[in-house]
Amino acid sequence: MMGDIILSVEGLKARYANAITALEDVSFTLSRGEILAVLGANGAGKSTVLKAISNLLPAVRGQVTAGSVLYQGESTLTRSPAALLRAGLVQVLEGRHCFKTLSVEDNLLTGGLGRGASRAEIAADLDRVYAWFPKLAARRRAISGLTSGGEQQMTAIGRALMARPKLLVLDEPSMGLAPLVVQDIFRALKRLNSEDGLSILVAEQNSAIALTYADRAVILEHGASVLSGDAGALKARDDIRAFYLGQK
Ligand code: ATP
């Protein structure tokens with residue numbers, strides 16, 4: 001169910017140490033229980049917005065120079081990424097980050113660390129992840145580095161779920177994956193959203209898939225949010241797809 005606003009980004013401006021201004025003016029809101037897609041061409045600023053939201057920009061020598069990010073009504077820009085994680089703001093970074101030498105299950109278990117959960121809670125959460133991603137259950141003992149790209153992306157998402165997100169943020173989950181695997185992943189995200197009420201913010205270059213599964217989308221161009229609206233309506237607009245999203 002959609003309800004109050006869980007994330008609000010207002011007038012965000014950011015730059016990197018090389019003086020490149022990556023974000024000029026980005027604003028959008030995400031309601032609780034909603035899937036919002038952040039779309040835009042290569043270099044439009046999607047990853048920078050996501051890093052700003054989790055206060056990860058300083059780690060890559062970037063900084064927010066104006067604007068605000070409110071998560072559950074409080075600024076994220078003054079809180080550590082670890083504190084935000086504990087508060088349920090969990091990000092799956094671009095590039096399906098897994099510990100390549102650990103098994104799939106050990107990767108998942110690392111996601112449950114740090115929140116003081118009991119063994120029984122962790123075991124229950126693990127079962128839930130395997131229920132969302134049955135393919136991971138079959139591969140639980142496999143070394144992550146030897147699993148497929150799709151399985152690594154599912155592992156990265158599963159690890160994030162182990163942290164019990166209230167808002168799950170994903171940076172290009174489709175990157176480098178075959179279309180059927182991408183469908184699988186977005187279908188699982190949609191189920192997490194509709195059955196579990198998880199709020200989801202997903203940055204994607206693959207606007208076709210993102211607009212199929214998201215409720216709303218915001219389009220970035222040269223570091224500015226230029227358009228936002230209902231995903232179905234945006235998907236139907238050929239002119240928008242061709243102009244902003246580089247798709248025919
Ligand atoms: P992509 O899909 O390629 O990741 P994007 O929409 O996510 O694109 P960003 O990665 O946010 O775009 O990049 C926005 C701008 O900031 C680009 O001009 C990019 O070159 C620059 N940029 C991104 N990361 C850094 C960094 N670590 N240091 C310096 N400049 C950066």
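Two residues are in contact here when heavy atoms of theirs lie within 4.5 Å. Keep that cut-off in mind for the tour. The model on your screen is predicted.

**Stop 1: Gln 153**

Select Gln 153. This residue sits in helix H6, which covers residues 149-162. Now show its surroundings. Which residues is Gln 153 in contact with, leaving aside neighbours within four places in sequence? Look for Val 92, Arg 96, Glu 172, Pro 173, Leu 177 and Ile 185. Gln 153 has a relative accessibility of 2%, so it counts as buried. The cut-off for buried is under 20% relative accessible area.

Gln 153 and Val 182 are 29 residues apart in sequence. From C-alpha to C-alpha, the two are 9.7 Å apart in space.

**Stop 2: Glu 172**

Stay with one of the contacts of Gln 153, namely Glu 172. Glu 172 lies in the loop between strand E7 (167-171) and H7. Is Glu 172 buried or exposed? Its relative accessible area is 7%, so Glu 172 is buried.

Check the backbone here. Most residues other than glycine have a negative phi. Glu 172 is not a glycine, yet its phi is positive, at about 50°.

**Stop 3: Val 169**

Step back into strand E7 and select Val 169. With 0% relative accessibility, Val 169 counts as buried. Set aside residues up to four places away in sequence, and Val 169 touches Leu 50, Leu 89, Val 90, Gln 91, Val 92 and Leu 201.

Next, pick Ser 54. Along the chain, Val 169 and Ser 54 are 115 residues apart. Their C-alpha atoms are separated by 8.9 Å.

**Stop 4: helix H1**

Follow the contact from Val 169 to Leu 50. Leu 50 belongs to H1. How many of the 8 residues of H1 are buried? The count is 7, and H1 is mostly covered. The buried ones are Lys 46, Ser 47, Thr 48, Val 49, Leu 50, Ala 52 and Ile 53.

Now move just past the end of H1, to Asn 55. Asn 55 lies in the loop between H1 and strand E4 (62-71). Its phi is positive, at about 55°, although Asn 55 is not a glycine. Asn 55 has 16% relative accessibility, so it counts as buried.

**Stop 5: the ligand**

Zoom in on the oxygen atoms of the ligand.

- Asn 42: an N or O atom in its side chain is 2.4 Å from a ligand oxygen.
- Thr 48: an N or O atom in its side chain is 2.5 Å from a ligand oxygen.
- Ser 47: a polar backbone atom is 2.7 Å from a ligand oxygen.

How much of the ligand does the protein cover? On its own, the ligand has 630 Å² of accessible area, and the protein covers 69% of that.

**Stop 6: Arg 241**

Arg 241 is in helix H10 (residues 238-244). In sequence, Arg 241 and Asn 42 are 199 residues apart. In space, their C-alpha atoms are 14 Å apart. Arg 241 has a relative accessible area of 18% and is buried.

**Stop 7: an aromatic pair**

The structure holds 1 aromatic pair. Select Phe 186 and Tyr 213. Their ring centres are 5.8 Å apart and their planes meet at 35°, so the pair is tilted. Phe 186 lies in helix H7 (residues 179-196), while Tyr 213 lies in helix H8 (residues 207-213). The pair therefore ties together parts that are 27 residues apart in sequence. Both Phe 186 and Tyr 213 are buried.

**Stop 8: Asn 107**

Finish at Asn 107, in helix H3 (residues 104-111). Asn 107 has 0% relative accessibility, so it counts as buried. Which residues does Asn 107 touch, not counting those up to four places away in sequence? Show Cys 98, Phe 99, Leu 102, Ser 144, Thr 155 and Arg 159.

Technical notes
Residues numbered from 1 in each chain as written. Predicted model: local features only at pLDDT ≥ 70, side-chain atom pairs only at ≥ 80, totals over all residues. Heavy atoms only, no water. Polar contact = N/O pair within 3.5 Å; in protein donor to acceptor, adjacent residues only side chain to side chain. Areas by Shrake-Rupley, 256 points an atom, 1.4 Å probe, with all protein chains shown as cover. Phe/Tyr/Trp six-rings, centres within 6.5 Å; stacked < 30°, edge-to-face > 60°. Helix = DSSP H or I, 4+ residues; strand = E, 2+ residues; numbered from the N terminus. Buried < 20%, exposed > 50% of the residue type's maximum accessible area, 1.4 Å probe, protein only.
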